[in-house]
Each structure stands twice: as structure tokens, then as C-alpha cells.
Amino acid sequence: MSSNAKMHADELDIDAELVGRLVVEQFPEWAELTVTRVASAGTDNAMFRLGEDMVVRLPRLPGGAGQIETEQRWLPRLAPELPLAVPVPLAMGEPGRGYGLRWGVYGWLDGENVYDSPPSQLTDTAVELGRFAAALRRVDAMGGPVSFRGGPVGAQDADVRKAIEELGADGTHDATLATAAWEHALALPQWETAPVWLHGDLLPGNLLATAGRLTSVIDFGGLGVGDPAADALPAWALFSAGTREVFREAGEFEDEVWARGRGWALCFGLVAEQHYRGGRNPVLAGVGHRAVREALEEFGA
């Protein structure tokens, strides 16, 4: 999985030399460690391995510093309550050396992302990831920031309809079916109880497996509180009919939450595929396509 080229017009210039200068200036105790870029299809942050045991994470976009701050503040509080490993914040860097945002240093987590190396036991993965989502939802959410996917999916209506139009025009998806599924999602009852924690971005590239077994969840830039529906997204982005219900049961997703989750799968999938196809980010375009295909197949059944 690799996407080191710029995907946004306002993306910042980040390379190993810059990261090395930042580390030397702010954390001289690590000055002798090697800095190596980590290939990733992520769009919000660049990652560089620092020595053997650490990774540096830097926002790629001007408005991305809040993600680092959220991770650094909340991950240590959440980690003891979660059944899978999550990144351990070690330090937070300040702007400097031509880079204007805060950045983070974390412990390195071994494993292969499940996009590049699909788990050999998908049913077990469905159980483990479902239990993770349920456990996260049970943690006290008092004071948590609002997740970027914690509100109504309808806030993305204009982008989704544009994507349906473009992807329907060239035959990528059935525009009539996609519109019907999307309008069904918009009409669903909304979350009306107290906000709960959600990861917000449980995509295959943010899940790590070792020896075919899910071991870690990474990239908590979308961490926050709100409606947990978006954490049902992997049901369509990763799982299929044979394992989707296993994930649902383990994740304790109620009917209306699950239905709104399918709306998020459509939203993410349509917008990601429309924006990243054509070589801009083949990984996310592919995950988006799969999410839409699975959601539409289920909706039309």
C-alpha cells in the first residue's frame, strides 16, 4: 500500500530530511536514529519510522494538527479499555524547521494492514473488530471531541449526489439504485441519545494483522464522540455477506445504527471512489468501490 504523492492542492511538503531536522531540534535524545518513510495510502498524515521502535506522524494538510492533539490526549485514556492494541503516544512535537503544525511520536506497532494482507480468518476478524467497536462505545465519553463522522450523514449530501451523478454517468454504479439507497439513509431516524466514542475510520488500511489475526487498530485522527453508526462502515468496506452479521452481532449494533452505518458506507464509498480514482489513490478508490457495491447489493436484495 503506497501513496506518497500529493493528493490535495494544499498538501504540505514533508520528507525524511524535514522529519530528521525536527527530531534533532526537539528530541536530541533520538537524533542518531534513522528516519524512513512508511508507505501508506492514508490521506491525512505522513508517517516515518524512527529507529526500530517508534513512528513519527505528521499532518499532511494545514488543518490537520487537531488530529495529533486528539490522539495524544485521549489514546492513553482509552487504551486500557480496548481489546486490541492502539498507538501509544510518546511525545508531541511543536512547529519548527519550516513545518507549521504539531506532530506526534508513537510506539511502533508490528503487523501488516489488512488491505495489503487480508486476514486468513475473516470470521475471527469480524468478531474481534466488532468487540473493539463495542468496547470503545462503552468508555465514558464525557468531554470527548466531536468525531468528524459523529453527526448526521446528510451533511455530506451535496458531495454524495455529485459522486452518484459522475459514477452513474460512466456506468461505474447504478445511479438510480444509489440514489434510492442514499435517500433511504437520509430518511432514517437520527441518534438522539448521549454521544458515545467512535473511531470514525475503521477502514482496512487502519487495521493491522499478524500471522493472519487482527492485532491492532491505528489512525485515530477521526476519534471522537457522537453517533456510533460510522463504526459499522467495515461491514461493507471489509466484510461480505458471510461475515457481516458476525461483525454486527459482536459489535452490538442496533437496527437503526446499523442502517445508518450503511448510509456511511455509501457516503464514504461514493465520495472516495469519485475523488481518488484515476490513479490519485487506487487503494482508497478500490475500498470505496467495494463499500458501495456491497451496500447497494444489500439494499437492493
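Biologist: How many helices and strands does the secondary structure of the protein come to?

Modeller: In this predicted model, the count is 9 helices and 10 strands.

Biologist: What does the radius of gyration say about the protein?

Modeller: The value is 19 Å, close to the 19 Å that the globule rule gives for 301 residues, so the protein is as compact as a globular protein of that length. Along the principal axes, the C-alpha atoms fill a box of roughly 60 × 40 × 35 Å.

Biologist: How should I read a sheet, and which strands stand at the edges?

Modeller: Strands of a sheet pair through backbone hydrogen bonds, and the pairing is either parallel or antiparallel. Here an open sheet of 3 strands has the order β6-β8-β9, and its pairing is antiparallel. The edges are β6 (112–113) and β9 (213–217); each has a single partner strand, so one side of each is left without a neighbour in the sheet.

Biologist: How many bridges join β6 to β8?

Modeller: There are 2 bridges between β6 and β8 (residues 207–210), and these strands run antiparallel. In this pair, Glu-112 stands opposite Ala-209 of β8.

Biologist: Which helix lies across β8 and β9?

Modeller: That is α3, which runs at about 25° to β9.

Biologist: At what angle do α3 and α7 pack?

Modeller: Angles under 35 degrees count as roughly parallel. Helix α3 (residues 122–138) and helix α7 (residues 241–251) pack at about 30°, and their axes are 7 Å apart. That angle makes α3 roughly parallel to α7. The crossing of α3 with α7 is right-handed.

Biologist: Which residues in α3 and α7 meet?

Modeller: On the α3 side they include Leu-122, Ala-126, Leu-129, Gly-130 and Ala-134. From α7 come Thr-243, Val-246, Phe-247, Ala-250 and Gly-251. By class, the residues of this contact divide into 8 nonpolar, 4 polar and 2 charged.

Biologist: What are α5 and α8 to each other, roughly parallel or oblique?

Modeller: Helix α5 (residues 175–186) and helix α8 (residues 255–276) pack at an angle of about 130°, with axes 9 Å apart. The cut-off for roughly antiparallel is over 145 degrees, and α5 and α8 are therefore oblique to each other. Their crossing is left-handed.

Biologist: Which residues in α5 and α8 meet?

Modeller: Ala-181, Trp-182, His-184 and Ala-185 in α5 meet Arg-262, Gly-263, Leu-266 and Cys-267 in α8. The contact of α5 with α8 has 5 nonpolar, 2 polar and 1 charged residues.

Key
Residues are numbered from 1 along each chain as its sequence is written. This is a predicted model: local features need pLDDT of at least 70, side-chain atom pairs count only at pLDDT 80 or more; totals for chains, interfaces and linings use all residues. Side-chain values use heavy atoms; hydrogens and water are left out. Axes are lines fitted to C-alpha atoms, for helices over the stretch in contact, and angles run from 0 to 180 degrees between N-to-C directions. Helices (H or I, at least four residues) and strands (E, at least two) are DSSP runs, numbered from the N terminus. Angles under 35 degrees count as roughly parallel, over 145 as roughly antiparallel, 65 to 115 as roughly perpendicular and the rest as oblique. A crossing is left-handed if the near helix is turned anticlockwise from the far one by less than a right angle, and right-handed if clockwise. Contact means heavy atoms within 4.5 Å. Ala, Val, Leu, Ile, Met, Phe, Trp, Tyr, Cys and Pro count as nonpolar, Asp, Glu, Lys and Arg as charged, and the others, Gly among them, as polar. Two strands pair if DSSP finds at least two bridges between them. The radius of gyration is taken over C-alpha atoms; the globule rule is 2.2 Å times the number of residues to the power 0.38.
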